[in-house]
Every structure is written in C-alpha cells, then in structure tokens.
Amino acid sequence: MGFIKFTKGTSLSAKDRKALQKLLTAEKKKLQSALKDVDASLSMLGGAKKAKKKKK
C-alpha cells in the first residue's frame, strides 16, 4: 500500500475521495482476512499446547 501525505488545506475531489475510500476498504479487507488467518493459527497453536499439557 502506498503512503499518502496530506498537508493543511489539502482537499480531495469527490472522485479522489471515492478512490481513496475504495483503496482503504480493500486494504481493510486484506488485513481482516490476514488477521483471521493469524487468529486461526494462534488458536491451533494454543490448542496444541493445551492438549500437550493435559496429556502429561
């Protein structure tokens, strides 16, 4: 994802605002799906650790 720097007094046109909103929404979806993958991995690891503790 690119970095956009805003300065004081900068205003976006409606077209730019919609494009930026679309970009941010897409990035948000990517991050949320990545977070779900991480959560699933952590829960699997946590479950494996808990299962090992119970066996001992």
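This is a short tour of one predicted model, stop by stop. Residues are numbered from 1 along each chain as its sequence is written, and side-chain values use heavy atoms, without hydrogens or water. Because the model is predicted, local features need pLDDT of at least 70 and side-chain atom pairs count only at pLDDT 80 or more, while totals for chains, interfaces and linings use all residues.

**The whole chain.** Select everything. The chain has 1 helix and 0 strands; both are DSSP runs, helices being H or I with at least four residues and strands E with at least two, numbered from the N terminus. About 5700 Å² of the chain is accessible surface, and carbon and sulfur atoms hold 62% of that. Such areas come from the Shrake-Rupley method with a 1.4 Å probe, and for residues only the protein chains shown count as cover. Of the 56 residues, 4% count as buried (buried is under 20% relative accessible area, exposed over 50%, partly exposed in between; 1.4 Å probe, protein chains only).

**K30 and E27.** Select these two next. The structure holds 1 salt bridge, a side-chain nitrogen of Lys or Arg within 4 Å of a carboxyl oxygen of Asp or Glu. K30 makes it with E27, and their closest N and O atoms are 3.3 Å apart. The two are 3 residues apart in helix α1, which means a separation of about one helical turn. K30 is exposed at 51% relative accessible area, whereas E27 counts as buried at 15%.

**V38, L42 and L45.** Move on to helix α1, residues 14–55, where V38 lies. V38, L42 and L45 make up a nonpolar surface patch with about 290 Å² of accessible area together. Patch residues have over 30% relative accessible area and no salt bridge; like charges are joined within 9 Å, nonpolar side chains (Val, Leu, Ile, Met, Phe, Trp, Tyr) within 5 Å. V38 is partly exposed, at 44%.

**S43.** Finish with S43, also in helix α1. Its side chain reaches the backbone oxygen of A40 at 2.8 Å. S43 is partly exposed, with a relative accessible area of 49%.

Notes: A polar contact is a pair of N or O atoms within 3.5 Å; within protein, one must be able to donate a hydrogen and the other to accept it, and residues adjacent in sequence count only if both atoms are side-chain atoms.
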